[in-house]
Amino acid sequence: TAAVNSATYESNLKGVYAGGDLVTGASNVSSTMATGKAAARAIDQVLTGEDHLDEVLGTFTYQNTVPAEPEGGERNVSPVLKVGERHSNFDEVMLGFDAEKALQESRRCLRCDVKEQCAVSAPAMKEALHE
C-alpha cells in the first residue's frame, strides 16, 4: 500500500497520487471503488482547481427495491491454485471465475438480512483454499 494525504491523495512524492487498492489494501469492490472515486475527485481538484467528476460520470437513476427472497442461486467458490504449485512462484492463488460464473455471481442478491445463512460457510472456503 501507499501512504497518502487523506484529503488530496498525494503521496510523499510531490505530484504523485494514488487511490483504490493501492491506498486501502485489498478490500471489497464497493469500498475500493469509492476510494478510487474520492481520489479521482481530489486529484482533479488539485490539478485543475475544479471538480469535474460528476460531469464525467454522469448521474444514474435506479430503483432501491429489494426482493423478498434472495435471487441468483448459490454462492460460487473461486477455483484456487493447488498448494503444491504455490511455493515457487508469485502467481495468483485465487484464480477467479470464468465469464459464466462471474455473471451468476453478479446476479446474486447479497442481502444478508433476507437470507439468514450464506450458501458457502467460512469452513468450506477454508477447505477449498487448502485443496
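Predicted model: local features only at pLDDT ≥ 70, side-chain atom pairs only at ≥ 80, totals over all residues.
Figure 1. Val-56 sits in helix H3. Its relative accessible area is 65%, so Val-56 is exposed. Together with Leu-57, Phe-60 and Tyr-62, it makes a nonpolar surface patch. The area of this patch is about 520 Å².

**Figure 2. Arg-41 and its salt bridges.** How many salt bridges does the structure hold? It holds two. One joins Arg-41 and Asp-51, with their closest N and O atoms 2.6 Å apart. This pair links distant parts of the chain. Arg-41 belongs to helix H2, which covers residues 29-48, while Asp-51 is in the loop between H2 and H3. The two residues are 10 residues apart. Asp-54 also forms a salt bridge with Arg-41, and here the closest N and O atoms are 3.4 Å apart. Asp-54 lies in helix H3 and Arg-41 in helix H2, so this pair ties together parts that are 13 residues apart in sequence.

Figure 3. Are they buried or exposed? Arg-41 is partly exposed, with a relative accessible area of 26%. Asp-51 is partly exposed too, at 35%. Asp-54 has a relative accessible area of 51%; the cut-off for exposed is over 50%, so Asp-54 counts as exposed.

Figure 4. H2 has 20 residues. From its first C-alpha to its last, H2 reaches 28 Å. That is close to the 28 Å expected at 1.5 Å a residue. Look at the start of the helix. There, a side-chain oxygen of Asn-28 reaches to within 3.2 Å of the backbone nitrogen of Ser-30. Now look past the other end. Gly-49 follows H2, and its phi is positive, near 80 degrees.

**Figure 5. The buried residues of H2.** Which residues of H2 are buried? They are Thr-32, Thr-35, Ala-39, Ala-42 and Asp-44. What do they pack against? Their partners are helix H1 (21-24) and H3.

**Figure 6. Tyr-9 and its positive phi.** Tyr-9 is found in the segment before H1. Its phi is near 65 degrees, a positive value in a residue other than glycine. Most residues other than glycine have a negative phi. Is Tyr-9 buried or exposed? Its relative accessible area is 13%, so Tyr-9 is buried.

**Figure 7. Asn-76 in its loop.** Asn-76 is placed in the loop between helix H3 (53-57) and helix H4 (99-107). Its relative accessible area is 10%, so Asn-76 is buried. Which residues does Asn-76 touch, leaving out those up to four places away in sequence? They are Phe-97, Lys-101, Gln-104 and Glu-105. With Glu-105 there is also a polar contact: the two side chains are joined at 3.0 Å.

**Figure 8. Ala-102 and Asn-76.** Ala-102 has its place in helix H4. Its relative accessible area is 35%, so Ala-102 is partly exposed. Along the chain, Ala-102 and Asn-76 are 26 residues apart.

**Figure 9. The whole protein chain, for orientation.** This view steps back from the details. The protein chain has five helices and zero strands. From the N terminus on, its elements run α-α-α-α-α. The chain has 131 residues, and buried residues make up 17% of them. What share of the contacts with a separation of 6 or more comes from residues 24 or more positions apart? The share is 45%. The protein chain exposes about 10,200 Å². Carbon and sulfur atoms supply 54% of that area.

Key
Residues numbered from 1 in each chain as written. Heavy atoms only, no water. Helix = DSSP H or I, 4+ residues; strand = E, 2+ residues; numbered from the N terminus. Buried < 20%, exposed > 50% of the residue type's maximum accessible area, 1.4 Å probe, protein only. Polar contact = N/O pair within 3.5 Å; in protein donor to acceptor, adjacent residues only side chain to side chain. Contact = heavy atoms within 4.5 Å. Areas by Shrake-Rupley, 256 points an atom, 1.4 Å probe, with all protein chains shown as cover. Patch = residues over 30% accessible without salt bridge, like charges linked within 9 Å, V, L, I, M, F, W, Y side chains within 5 Å. Salt bridge = Lys/Arg side-chain N within 4 Å of Asp/Glu carboxyl O. Expected span 1.5 Å × (residues − 1).
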